[in-house]
Amino acid sequence: MKKPERNDPCWCGSGKKYKKCHADFDEKIDHFRRLGCEVPTREMIKTPEQIEGIRESGKINIAVLDYVAQHIGAGMSTEDIDRLVHSKTLELGAIPAPLNYEGFPKSVCTSVNDQVCHGIPDESVILQEGDIINVDVSTIYKGYFSDSSRMFCIGQVSPEAKRLVEVAKECVEKGLEQVKPWGFLGDMGQAVHDHAKANGCTVVEEIGGHGVGLEFHEDPFVSYVTRRGEEMLMVPGMVFTIEPMVNAGDADVVMMEDDDWIVYTADGSLSAQWEVTVAVTETGYQILAY
Ligand code: MF3
Ligand code: CO
């Protein structure tokens, strides 16, 4: 990428001279590039203004999930959850990002038990006592995207299901602890899969997190089956999701022939997932949606 001259305005749009703004930052990234590290492109680095926009979107995402948390329960269909998400999102002045996204037919993903992700809300899927469900909400507000998901236990669930849900949440927390500038996405990925493994669980390889903010899914792809010191360099201004899919059994996943979306565990074991949208800051990280 072409660099401005030192007295030119900075590429970030701050209006400051390049030498007083991102010159040192670019130099640091070049240093890592010369070492052979994968480094982010400028498109992956958000301005403070853009991060505020994503944060506002994230506040709505959180409010919608809080609303779901207040109402979800046995006897409700996943279609009912779709209605809750759709109406609450519109009431808050935003748009549900999943609706019509690459043909996705609903406003939210609802993945029950052995469904790993991208579950499609359905009138005939009725939540039963003992089910675990991931509700994955994504919001567009004033052009900014946010994305987060939570697990819900319906009534009393088995100790194994309860533990899986906890482990999946802990995996996200372990990953977050590793988010800091000038570290690597692999530091986060390794922390996630080490914790899953230590608890007898596996992490899905084929599907992962992503950059987010100006689009629903941006680069980079964020894997959790990665190693410390590898994958992309994390720099201030990057915004991405941490959303490992944690299985009680094997890591393998399958899709059914009759739809293009819902992903299941291959062995029928339970799967759980929590998702955050996180921004890398000068000192560590900030959660923009949870
Ligand atoms: N919300 C999912 C994610 O975490 C993506 C869902 S795509 C959809 O990335 F079309 F199914 F909504
Ligand atoms: Co996501």
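This is a predicted model: local features need pLDDT of at least 70, side-chain atom pairs count only at pLDDT 80 or more; totals for chains, interfaces and linings use all residues.
**Strands S2 and S4**

- Strand S2 covers residues 109-112, and strand S4 covers residues 132-141.
- Four bridges link S2 with S4, and the pairing is antiparallel.
- S2 is covered on both of its faces. Cys109 and Ser111 are buried on one side, while Thr110 and Val112 are buried on the other.
- In a regular strand, side chains alternate between the two faces of the sheet.

**The sheet S3-S12-S11**

- Three strands form an open sheet in the order S3-S12-S11, and their pairing is antiparallel.
- Strand S3 (115-117) and strand S11 (253-255) are at the edges; each has a single partner strand, so one side of each is left without a neighbour in the sheet.
- From one strand to the next, the twist averages 45 degrees.
- S3 is joined to strand S12 (residues 263-265) by two bridges, and the two strands run antiparallel.
- Glutamine 115 has tyrosine 264 of S12 opposite it.

**Helix H5**

- Helix H5 spans residues 185-198, a run of 14 residues.
- The distance from the first C-alpha of H5 to its last is 20 Å, close to the 20 Å expected at 1.5 Å a residue.
- Of the 14 residues in H5, 11 are buried, and the helix is thus mostly covered.
- Among the buried residues of H5 are Leu185, Met188, Val192, His193 and His195. Two glycines, Gly186 and Gly189, are buried in H5 as well.
- The elements that cover these buried residues include helix H4 (159-176) and strand S6 (202-203). Strand S8 (218-222), strand S9 (239-242) and strand S10 (245-247) also contribute to the cover.

**Surroundings of ligand 1**

- Ligand 1 is surrounded by 14 residues, of which the closest are Asp136, His210, His217, Glu243 and Glu275.
- Aspartate 136 places a polar side-chain atom 3.0 Å from a nitrogen atom of ligand 1.
- Serine 138 has a polar side-chain atom 3.4 Å from a nitrogen atom of ligand 1.
- In the side chain of aspartate 147, an N or O atom lies 3.1 Å from an oxygen atom of ligand 1.

How values were computed:
Residues are numbered from 1 along each chain as its sequence is written. Chains are lettered from A and ligands numbered from 1 in the order in which they are written. Side-chain values use heavy atoms; hydrogens and water are left out. The expected span of a helix is 1.5 Å times one less than its number of residues. Buried means under 20% relative accessible area, exposed over 50%, partly exposed in between (1.4 Å probe, protein chains only). Contact means heavy atoms within 4.5 Å. Two strands pair if DSSP finds at least two bridges between them. Axes are lines fitted to C-alpha atoms, for helices over the stretch in contact, and angles run from 0 to 180 degrees between N-to-C directions. A residue is near a molecule or strand if one of its heavy atoms lies within 4 Å of it. A polar contact is a pair of N or O atoms within 3.5 Å; within protein, one must be able to donate a hydrogen and the other to accept it, and residues adjacent in sequence count only if both atoms are side-chain atoms.
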